[in-house]
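Work through the exercises below with the structure open. Try each task before reading its solution.

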Amino acid sequence: MRDRFPLMVVGGLVLTVVLGAFLVKSAQRGEFADTLSTFRAQEDGARALFLLAQESGLPVVRRMSDLRIVTGQLTPVLLAVEVQGAYEEDPDQTQLAAEPDAGLADEDVPRTGFNAFRAAALDDTEYEKLLEHVRAGGTLVYVPWGSRENPLLDALSVKLTKADTTLPMRTLVPPLPTPYTLGVERVEAKVQAFLTLPPNSVPVLEDDRLGQVVAAVVPHGQGRVLVVGAPELAMNRALARADNAQFWLSALAGLGPGPYEFDEFHHGFTNERSVVDFARRYGLHFAVAQLLLGVALWSVSLRRFGRPHPPPESVRVGATDALFAMGRLYREGRHHAFAAGLIAKGLIQELALHAGLPAHSPAASVAQGLRDRGREDLARGLQAVAAEADTVGSDSDLQQLAANAAVLRQRLHTAGAGRRSTPGTT
């Protein structure tokens, strides 16, 4: 085990460095959150949209729990939230609309840091609860990422057609006056998917040149759902263009009084607090650096550099004097048997560790353990010392017992050859 310790230390250091770099990268200010999260302050985040609605007097909140329970007259806002069971109905059509080397990878929501493991898709129970909420007269804002079909869109009878990714930024205009586009003349954004709508739907935005619908309000039961096929329209970088900001204010106000709940649970955020969440937001690079320094110092302290130095003369003389004093006490008190028992006990404890047994194991068990490990010489020597300790009755017998125990200790670290004494020691 000790031979593998340096390798374990190196592996631990590499793992710590990788995890530390991962934490630091994902915890940079404004970058810890997911794409189109209202916590994300980067260009592809939706923090500006949340603050815009808040500063405009609209009641907005962040939801950090799942959607298994939807109550009240709230309006859930799902920005780039994936739905479980999504599928590509026409892969060839999607491939033709994508760039030659893009494949279908752009259909997946980009993740940042630990969000790749924490972000969850909308499951069956959740989208059923959302549909029940809408059927009962509620409202919903859904901005899908990519052009994949999913059970939520199927329930609304909405089909997505992937927009040509080689097209430049599109100009979107309201095809007819509606409360959802009040004060909006044109909107500029990159489009990911065009919408094919069911009857009685209200087109809200369409491509100025192609005439295809990009955003629409779809009735479902007694409620309505605003579907937008241009996720960039909700990003921070897009709100300053044309009437993009006014579109969101008018669309949200046209859906109802709110409150508008921006879903953050499916972007990886919950109400639970932990060290990992703290690291994702603020970073632990200083703590990681201290941990690396501590592990490095600890690993270095376990290694001896150079040959061992002999003890100082004062320490050596003092230890020798203390040993002579203890020996005189035992000799004058004629405690030869007790001293012999202590010598044998110390030897048994040391050999027990070499045999893989507890230090309090009896001599017979230790000897058997040494035989099992192929050290028959140590086993015989231990039994001889243990038997000799019971017969000690004079100073010469005690000295002989101590010499035999010392020889056995020297053979502990070799295959039988004695170990040379350290210079400067007795």
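## Exercise 1: A surface patch on a helix

V14 lies in helix α1. Helices (H or I, at least four residues) and strands (E, at least two) are DSSP runs, numbered from the N terminus. This is a predicted model, in which local features need pLDDT of at least 70, side-chain atom pairs count only at pLDDT 80 or more, and totals for chains, interfaces and linings use all residues. Residues are numbered from 1 along each chain as its sequence is written, and side-chain values use heavy atoms, with hydrogens and water left out.

**Task.** Classify V14 by accessibility, then state which nonpolar patch holds V14.

**Solution.** 
1. Set the classes: buried is under 20% relative accessible area, exposed is over 50%, and partly exposed is in between (1.4 Å probe, protein chains only).
2. V14 has a relative accessible area of 48%, so V14 is partly exposed.
3. The patch consists of V10, V14 and V18. Together they have about 250 Å² of accessible area, by the Shrake-Rupley method with a 1.4 Å probe, where for residues only the protein chains shown count as cover.

## Exercise 2: The whole chain

**Solution.** 
1. The chain has 14 helices and 11 strands.
2. Of its 426 residues, 40% count as buried.
3. A contact means heavy atoms within 4.5 Å. Among contacts with a separation of 6 or more, 70% join residues 24 or more positions apart.

## Exercise 3: Nonpolar cores

**Task.** Which residues of the largest nonpolar core touch the most other members?

**Solution.** 
1. A core is a set of buried Ala, Val, Leu, Ile, Met, Phe, Trp, Tyr and Cys residues joined through side-chain atoms within 4.5 Å.
2. The largest core has 41 residues; L79, L233, F247 and W248 touch the most other members.
3. Helix α7 (residues 244-255) gives this core its largest share, five residues.
4. Take L233. Not counting residues up to four places away in sequence, its contacts include V187, L205, F247 and W248.
5. Another core lies apart from it, with 25 residues, among them V81, L156, V225 and V227.
6. The general background: in soluble globular proteins, nonpolar side chains tend to be buried together.

## Exercise 4: Salt bridges

**Task.** How many salt bridges does the structure hold? Then trace the network that includes R237.

**Solution.** 
1. The criterion is a side-chain nitrogen of Lys or Arg within 4 Å of a carboxyl oxygen of Asp or Glu.
2. The structure holds 15 salt bridges.
3. R237 pairs with E43, with the closest N and O atoms 3.9 Å apart. R237 is in the loop between β10 (223-228) and α7, and E43 is in the loop between α1 (5-26) and α2 (47-55), so the pair ties together parts 194 residues apart in sequence.
4. R237 is partly exposed at 36%; E43 is exposed at 53%.
5. E232 pairs with R241 at 3.1 Å between the closest N and O atoms. E232 is buried at 5%, and R241 is buried at 17%.
6. Salt bridges link E43, E232, R237 and R241 in a network.
7. One further bridge joins E188 and R186 at 2.3 Å, N to O. E188 is partly exposed at 22%, as is R186 at 38%.

## Exercise 5: Two residues and their contacts

**Task.** Is T35 buried or exposed? Which residues does K129 contact beyond its neighbours within four places in sequence?

**Solution.** 
1. T35 sits in the loop between α1 and α2. Its relative accessible area is 2%, so T35 is buried.
2. Beyond neighbours within four places in sequence, T35 contacts residues including D44, W145, M235 and H267.
3. K129 lies in helix α5 (residues 124-135) and is partly exposed at 33%.
4. Leaving aside neighbours within four places, K129 contacts L67 and R68.

## Exercise 6: Confidence

**Task.** Over which residues is the pLDDT below 50?

**Solution.** 
1. pLDDT is the predictor's confidence in each residue, from 0 to 100.
2. The chain averages 79, and 75% of the residues score at least 70.
3. Residues 101-105 are below 50, with five contacts beyond near neighbours in sequence.
4. Residues 415-426 are also below 50, with 16 such contacts.
5. Where pLDDT is low, the predicted coordinates should not be read in detail.

Definitions and conventions: Patches are made of residues with over 30% relative accessible area and no salt bridge: like charges are joined within 9 Å, nonpolar side chains (Val, Leu, Ile, Met, Phe, Trp, Tyr) within 5 Å.
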